[in-house]
Amino acid sequence: QDDYFIIGTSTFRVAEIEVFRFGTAGNFLPQQNKKQSVALGDGGEEWTTNTHDEFPADIKTALDKKQTILVDIKDKLQQQALALERETQFMGAFMKGENEDIVEFNVSGERLTVKRTTLGLCKDSVLAKQFNDPLWKREKVCPSVKHWDCEQVQKWASEIKVVPGGEVGVRLRQNDIVGSELLHLGREDLREMGITRPGTLATVVGAIGELKKSAREDDVTFIGQSAYCFVKMIDQLRLCAMCQADGGLPPPPEVRDLDK
């Protein structure tokens, strides 16, 4: 039998035929069962409500089961997308701003780190007036180590006792080391810069360690009040910051009777 077909003026050869169902013309699938496009956006997804009554019982059961699974997966994905959006908003509330907006406290020996914007939530409070004022960022007479430039780093290195000459300062200057980088240098970093004498390495590493301690103290604000009360107050401000996105207010804090 000839396996070629002529359509119009073109000739086609059948490479493969797949048979789905045998039957009379009356048993063929109805016209409305043509493949429908699936909307994947917010305009609705018709496939979630499609019925399969026109199929044989076994195929209908399989399709209904698959549809139920897909609808369940779709709902879970929507819930995860909503949770991700909320988490993104939540994290964004804490990630706005720069490192300069971070305030470190030493409250009667307890260390605490807070964003300056959090301290300024209650505009008429003492904390807001002290730390949310533009003058809070005023220049210090002795700038913090973190803000040293290359020349200040070289000057510091030249003043290290026991280290002969200005070799260390010169090496640091040649590599354009600034204050924030100096605080992270280790023995291997110094060796890569050409400072190889063991005694010199040990002395410089020790001096950098002392510098880290002084740098931490320079950036800390000391509070001589009750650590319990101060932490309660800061925690309440943090809750207010978290509730800002929803426009609500957190419940009042619970304070022990001794500190009321």
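Modeller: Threonine 118 lies in helix H2 (residues 116–119); helices are DSSP runs of H or I, at least four residues, numbered from the N terminus. This is a predicted model, in which local features need pLDDT of at least 70 and side-chain atom pairs count only at pLDDT 80 or more, while totals for chains, interfaces and linings use all residues. Residues are numbered from 1 along each chain as its sequence is written, and side-chain values use heavy atoms, with hydrogens and water left out.

Biologist: Why is threonine 118 called buried?

Modeller: Buried means under 20% relative accessible area, exposed over 50%, and partly exposed in between (1.4 Å probe, protein chains only). Threonine 118 has 10%, and therefore counts as buried. Leaving aside neighbours within four places in sequence, threonine 118 is in contact (heavy atoms within 4.5 Å) with Leu237 and Arg238.

Biologist: What makes arginine 238 and aspartate 235 a salt bridge?

Modeller: The rule asks for a side-chain nitrogen of Lys or Arg within 4 Å of a carboxyl oxygen of Asp or Glu. Here the closest N and O atoms are 3.3 Å apart, so the pair qualifies.

Biologist: Why are arginine 238 and aspartate 235 separated by about one helical turn?

Modeller: Because they are three residues apart in helix H9 (residues 227–243).

Biologist: Is aspartate 53 buried or exposed, and how do you know?

Modeller: Aspartate 53 has a relative accessible area of 56%, and is therefore exposed. Its side chain meets that of lysine 60 in a salt bridge (3.8 Å, N to O).

Technical notes: Helices (H or I, at least four residues) and strands (E, at least two) are DSSP runs, numbered from the N terminus.
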